Amino acid sequence: MNTLHRIAGPSTPHAGLVRKSALAFALAACFWGAAAQPTPTAPEPAPATAPDSGEVVNSALNAPLFYQLLLGELNVRAGEPGTGYSFILDAARKQRDPHLYRRAVEVALQARSGEAALTAARAWSQEIPGSSEANRFVLQILLALNRVNETGPVLQTILNDVSAAERNDTINAIPQTFSRLTDKALAAAVVREALGPYLKQPLHAAAAFTSVGRMYLAQDQLPEALTSARLGHTAEPASPFPALLALELMERGEQSAEPIVQQQLNASSITTSADTAVALAYARILLDTQRNQEARAQLEKLTTRQPDQAEPWLLLGSVQLQENALPAATASLEKYMTLARQAGDERAARGLTQAYLMMAQIAEKRQDFPAAAAWLDRIENAEDIMAAQMRRASLLARQGQMPQARALLRSQPERTPDDARLKLVAEAQLLRDFKAWKEAYEVYGEAVARFPDVADLRYDQAMMAEKAGKPGDMEVLLRALIAAKPDFHHAYNALGYSLADRNERLPEAKKLIEKAVELAPGDAYIQDSLGWVEFRLGNIARALDILQTAYGKRPDPEIAAHLGEVLWSQGQRDQALKIWREGLMQSADNETLQGTLKRLRVKP
């Protein structure tokens, strides 16, 4: 106490206090010119000594407040966040200071205490009305706590407080904010009610109807989403927002949404970035559906209106190349490369890789093989090439053209052995994405034959053997991998988990997984396997302890599936449902989790 009094005494300036401790510096900085209201004992601001020296604003940090905040931070650092939170929140209420409220919220969130964080955020919102930051914290915390019913008034407050110029951006962000909720219908109802007033306002109707439509889209209610897009477009025909929603519907196969896009492009001048996004996305969809002439017409119009936009030139060049219009394609790609080099960002670098590849194709068509090789030599990262081609191949496969998709990947040049490996991995991954397990298994077999020393390829082949319904082949492959690489922990884990999941040879499965734990003791997924085999063996208490630890390390949906089933088997239904909902929020289509819920006939 005496030391604190001596440091903060009248004869010691703030600079002396700051030198005493880095923590004191942080506290002082928080208040230097930033306090909402000075305490009654704080000195009045001193007048400026010269007309042009600027006003001096004293900090509201006095000795008692400094001591209280110091105690709060020391408790947080000492592992007592609850006590530290209480000190900081009390100071925030006394000072009505947003910085301290924010700190109280942060401390509570770091301690994973959602209720405490909500208390601090609500106090902040009530004490400092109109604070958009406070209200956003309240909204996010309510959503994290799955208290969706309470979010409507907060959302309305946020929309009312934001300026008219910024309101559409806020409205457009709503679907993403609510996207992780499992009860999509409730979320949609809350959002629609909050947006009700803005559906009737010409300035905001297009954005509001678009957000309502996206909430329907999240529930796979395509007709309702389409109706919302049409209403938004009718309210403001030139708005890009309903058109962007219509494009998402087109990608879902709702072709009746296309007129909205076409009419928006005709009504707009394509001068904003959002307008450009509509035109580009529409051109891509036309390309994906092999409507090349229409795509070229859109891109020619876009490059005429916005000649300094790089990406349309790249797409136009690709269309012209497909049409074998080589001089036009060369001119478009050269224009793109000039603009992309001026941009110099990561997106441009990826685009340049595609441009170099297409220029190499043009040279090859002209039988100019040295020029083709020169263009390929400019591509520094072979993975960039495969990433671009994987997207094209995936689009072909989605249109039922898997043979053409595979041929596209196979046709890529091989300058190094690594290029050949990447091609095979890309083809196998494409087949995996479309659940063509048998074909993926065969491609991995080809890759292993060419690159027998790459352990990951042999492991992936084994995984595909299981998916293809060949558990015997999987076991042979994994045991061969273990013999070749005794420290490859994934092989032990995969074989042990496969046996445990099929409820076969459980003592052997446990021994294999324990070996994996020995090699990688901190791996949460291996801990998950160990917990699962213990559950299969009937060691419920141990299984629960292991799975809870694994889920605490990594709240993965697959671990959630196993932990939830153990809880469910013990009658802890509410806790199991909570875990499963958290898993679904991360990955609603996780096979293990969905299989568990289907097998147990549970709808969380």
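**Exercise 1. Is E427 buried or exposed, and at what relative accessibility?**

The structure is a predicted model, in which local features need pLDDT of at least 70 and side-chain atom pairs count only at pLDDT 80 or more, while totals for chains, interfaces and linings use all residues. Residues are numbered from 1 along each chain as its sequence is written, and side-chain values use heavy atoms, with hydrogens and water left out.

Step 1. Locate the residue: E427 lies in helix α24 (residues 417-433). Helices (H or I, at least four residues) and strands (E, at least two) are DSSP runs, numbered from the N terminus.

Step 2. Apply the cut-offs: buried means under 20% relative accessible area, exposed over 50%, and partly exposed in between (1.4 Å probe, protein chains only).

Step 3. E427 has 2% relative accessibility, so E427 counts as buried.

**Exercise 2. Find which side chains make polar contacts with the side chain of E427.**

Step 1. A polar contact is a pair of N or O atoms within 3.5 Å; within protein, one must be able to donate a hydrogen and the other to accept it, and residues adjacent in sequence count only if both atoms are side-chain atoms.

Step 2. The side chain of R406 meets this criterion at 2.7 Å, and that of R410 at 2.5 Å.

Step 3. For contacts in general (heavy atoms within 4.5 Å), leave out residues up to four places away in sequence; E427 then touches R406, L409, R410 and V443.

**Exercise 3. Classify E380 as buried or exposed.**

Step 1. E380 sits in the loop between α21 (369-377) and α22 (382-398).

Step 2. Its relative accessible area is 80%, so E380 is exposed.

**Exercise 4. Describe how α9 packs on α10.**

Step 1. Two packed helices are described by the angle between their axes and the distance between the axes.

Step 2. For α9 (residues 151-161) and α10 (residues 164-177), the angle is about 155° and the axes are 9 Å apart. Axes are lines fitted to C-alpha atoms, for helices over the stretch in contact, and angles run from 0 to 180 degrees between N-to-C directions.

Step 3. That angle makes α9 roughly antiparallel to α10 (under 35 degrees is roughly parallel, over 145 roughly antiparallel, 65 to 115 roughly perpendicular, the rest oblique).

Step 4. The contact involves L155, I158, L159 and N160 of α9, and R167, T170, I171 and I174 of α10.
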